[in-house]
Amino acid sequence: MSWNDLVIEKSRGIVTEKNIDKFNCDFWCAIDNEHNSDIPDGEFCEFAIDMWGMKLKGHYIAEWIGDDEYPNETEPCEIELDYIDNVLVS
């Protein structure tokens, strides 16, 4: 099952086929906003955010942004959503 299908199924009607793209954008932005860009490259990180009336928990890996002018700056990569409202996603 794909990411979109899992999110739609586990969100109990909050996320639909019509708004999944907006959810994905908002989700990535929320994770990025919470991420401390000083976390070292390759570090495992966990998140717990409230978004669209749901509690979302998961993890990601901090990855270097690839800009030589900012050798220590990272961003979220390989983001995995593990739980929506304490229900296992996959």
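Predicted model: local features only at pLDDT ≥ 70, side-chain atom pairs only at ≥ 80, totals over all residues.
1. Residues are numbered from 1 along each chain as its sequence is written, and side-chain values use heavy atoms, with hydrogens and water left out.

2. Together with D41, E78 and E80, E63 forms a negative surface patch. Patches take residues with over 30% relative accessible area and no salt bridge, and like charges are joined within 9 Å; Asp and Glu count as negative.

3. Next, the charge pairs. Side chains of opposite charge can pair when their charged atoms come close. The structure holds four salt bridges, each defined as a side-chain nitrogen of Lys or Arg within 4 Å of a carboxyl oxygen of Asp or Glu.

4. The pair to find on your screen is D85 with R12, whose closest N and O atoms are 2.9 Å apart. D85 belongs to the loop between strand 3 (74–84) and strand 4 (87–88), and R12 to the loop between helix 1 (3–10) and helix 2 (20–34), so the bridge ties together parts that are 73 residues apart in sequence. D85 is partly exposed, at 23%, whereas R12 counts as exposed, at 57%.

5. Two other bridges are worth a visit. K10 pairs with E9, with 3.7 Å between the closest N and O atoms; K10 is partly exposed at 22%, and E9 is partly exposed at 45%. K55 pairs with D50 at 3.4 Å; here K55 is partly exposed at 47%, while D50 is exposed at 59%.

6. Finally, is H35 buried or exposed? With 8% relative accessibility, H35 counts as buried. This histidine is in the loop between helix 2 and strand 1 (44–51), and its side chain makes a polar contact of 2.9 Å with the side chain of T74. A polar contact is a pair of N or O atoms within 3.5 Å; within protein, one must be able to donate a hydrogen and the other to accept it, and residues adjacent in sequence count only if both atoms are side-chain atoms.

Notes
Patch = residues over 30% accessible without salt bridge, like charges linked within 9 Å, V, L, I, M, F, W, Y side chains within 5 Å. Areas by Shrake-Rupley, 256 points an atom, 1.4 Å probe, with all protein chains shown as cover. Charge placed at Lys NZ, Arg CZ, Asp CG, Glu CD. Buried < 20%, exposed > 50% of the residue type's maximum accessible area, 1.4 Å probe, protein only. Helix = DSSP H or I, 4+ residues; strand = E, 2+ residues; numbered from the N terminus.
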